[in-house]
Amino acid sequence: MDLDALSRELNDLEQSEGFSGVVRLEVRGAAVFEASYGLASRTWGVPCRPDIRFDTASITKLFTAVATLQQVEAGAFTLETGVIDYLGLTATGLSRAITPYHLLTHTSGIGDDADEEAGERYEDLWIDRPNYSVTETQHHLAQFVAKPANFAPGAGCRYCNAGYLLLGLMIERSSGGSYRDYVRSRVFEPAGMSRSGFFHMDIVEPDLAEGVDPIEDADENVIGWHRNIYSYPPVGSPDGGAHVTAEDLVRFHSALREGRLIGAESTAAMLTPKEPYKPRGSSTHYTGYGFEFEADADGEVRCYWKEGINAGVSGELGHYPAADLTYAVLSNTEMGAWKPLKVIDRLMTAG
């Protein structure tokens with residue numbers, strides 16, 4: 001990859017598009033590029049720095065996937081365990097045939113709390129329900145347990161946040177503690193993610209990026225900024241919301257590949273495509289255990305990634321196996337990460 005070209009194009013995006021965030025690239029485990037852009041706080045005019053922590057939105061699902069596989073390895077349950085019976089969920093129409101495998105690969109068919117593929121927006125969940133009241137994993141159940149299924153378990157593939165909430169509940173039941181405490185001690189600590197955590201919006205925590213999105217007039221001119229504090233619960237959950245630095249996110253990937261989080265068989269499974277998936281407006285690729293994959297008909301993987309998006313949040317962790325290049329892009333706006341990611345992919349394609 002032409003790193004000089006990458007630097008020029010990212011600087012251009014900062015100037016022309018107002019990109020704010022951090023970009024980090026590593027090749028064969030060594031950092032080759034890291035830079036920060038724009039503002040971590042538009043309220044106070046604080047510039048982004050590489051050590052700023054960003055909300056990761058759905059990238060958090062990778063941590064949940066690892067925690068799930070750890071519990072499978074521990075014998076707490078299997079990938080074919082009946083989720084509903086394991087959790088003892090009686091007041092629900094969710095199919096008893098749903099397994100952790102279905103939840104990990106987005107093949108459960110359950111109705112999501114906010115169906116992104118149907119154009120539903122997550123922040124709309126909090127129009128009639130105070131977001132500050134949802135602080136524990138079980139509090140999320142009311143948002144989806146009564147929704148009709150999209151298809152029978154295993155009969156399709158449709159992205160589903162709620163599936164990872166159920167996985168979080170399984171982790172809590174098997175470990176006897178909270179999901180967040182489990183991830184801190186069993187994922188962040190062994191991965192060396194010393195700057196990462198689950199931070200409450202209403203508690204002062206240093207070096208956190210302020211999530212914002214532009215307010216535009218009728219001519220699409222930016223006339224102000226609104227914060228995302230009413231757009232989702234005040235603390236992260238198994239489907240999204242952990243805060244990390246770009247360096248810590250790449251450290252997670254290194255720890256995963258090196259077998260420091262799960263065993264060799266589980267690691268290989270997590271880095272292998274599983275189910276064909278064609279999200280709205282995209283070409284066919286594959287889901288796996290948290291990651292998504294671009295692969296050919298023979299299963300040769302060009303790249304794999306996990307993205308996250310929410311109001312005031314966007315980012316992605318990904319890897320190109322042929323070049324052994326890992327990247328992390330984190331931004332504190334909903335649309336901020338996508339153009340930098342396209343630049344990275346284009347430069348990777350160019351060689």
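## Close-up views of the predicted model

**View A. Helix 6 and what covers it.** Let's start with helix 6, where Y179, R180, Y182, V183, V187, F188 and A191 are buried (under 20% relative accessible area; exposed is over 50% and partly exposed is in between, with a 1.4 Å probe and protein chains only). Helices here are DSSP runs of H or I with at least four residues, strands are runs of E with at least two, and both are numbered from the N terminus. What covers those buried residues includes helix 2, helix 5 and helix 7, going by contacts (heavy atoms within 4.5 Å). The 13 residues of helix 6 should span 18 Å at 1.5 Å a residue, and the end C-alpha atoms are 17 Å apart, which agrees (the expected span is 1.5 Å times one less than the number of residues).

Residues are numbered from 1 along each chain as its sequence is written, and side-chain values use heavy atoms, with hydrogens and water left out.

View B. Look for A5, L6, L10 and L13, which are buried in helix 1. They sit on the same side of helix 1 because they cover an arc of only 130° around its axis (the arc is taken from the directions from the helix axis to the C-beta atoms). On the other side of helix 1 you'll find D4 and Q15, both exposed. The packing partners for the buried residues of helix 1 are strand 1 (21-27), strand 2 (30-37) and helix 9.

View C. Following helix 1 is G18, with a positive phi near 70°.

View D. The E17 and K339 side chains meet in a salt bridge, 3.0 Å from N to O (a side-chain nitrogen of Lys or Arg within 4 Å of a carboxyl oxygen of Asp or Glu). E17 belongs to helix 1 (residues 3-17) and K339 to helix 9 (residues 338-350), so the pair ties together parts that are 322 residues apart in sequence. Both are partly exposed, E17 at 48% relative accessible area and K339 at 42%. Across the whole structure, a search turns up 23 salt bridges.

View E. D345 is partly exposed at 27%, and R302 is partly exposed at 28%.

**View F. A network of charges.** R49, D51, R195 and D207 are linked by salt bridges into a network. Within it, the side chains of R195 and D207 meet at 3.3 Å, N to O. Both lie in the loop between helix 6 (179-191) and strand 6 (212-216), so the pair ties together parts that are 12 residues apart in sequence.

**View G. The largest nonpolar core.** It has 66 residues, and F63, L166, F252 and M270 have the most contacts inside it (a core joins buried Ala, Val, Leu, Ile, Met, Phe, Trp, Tyr and Cys residues through side-chain atoms within 4.5 Å). Helix 5 gives the most to this core, with 8 residues. Not counting residues up to four places away in sequence, L166 touches V83, L87, L89, L94, L103, I110, L141 and F144. Another core, of 24 residues, lies apart from the largest one, and A35, Y327, W338 and V343 are among its members.

View H. Most residues other than glycine have a negative phi. A57 has a positive phi near 50°, and sits in the loop between strand 5 (54-55) and helix 2. A57 is buried, at 7% relative accessible area. E220 has a positive phi of about 65° and lies in the loop between strand 6 and strand 7 (222-227). E220 is exposed, at 62% relative accessible area.

Methods:
This is a predicted model: local features need pLDDT of at least 70, side-chain atom pairs count only at pLDDT 80 or more; totals for chains, interfaces and linings use all residues.
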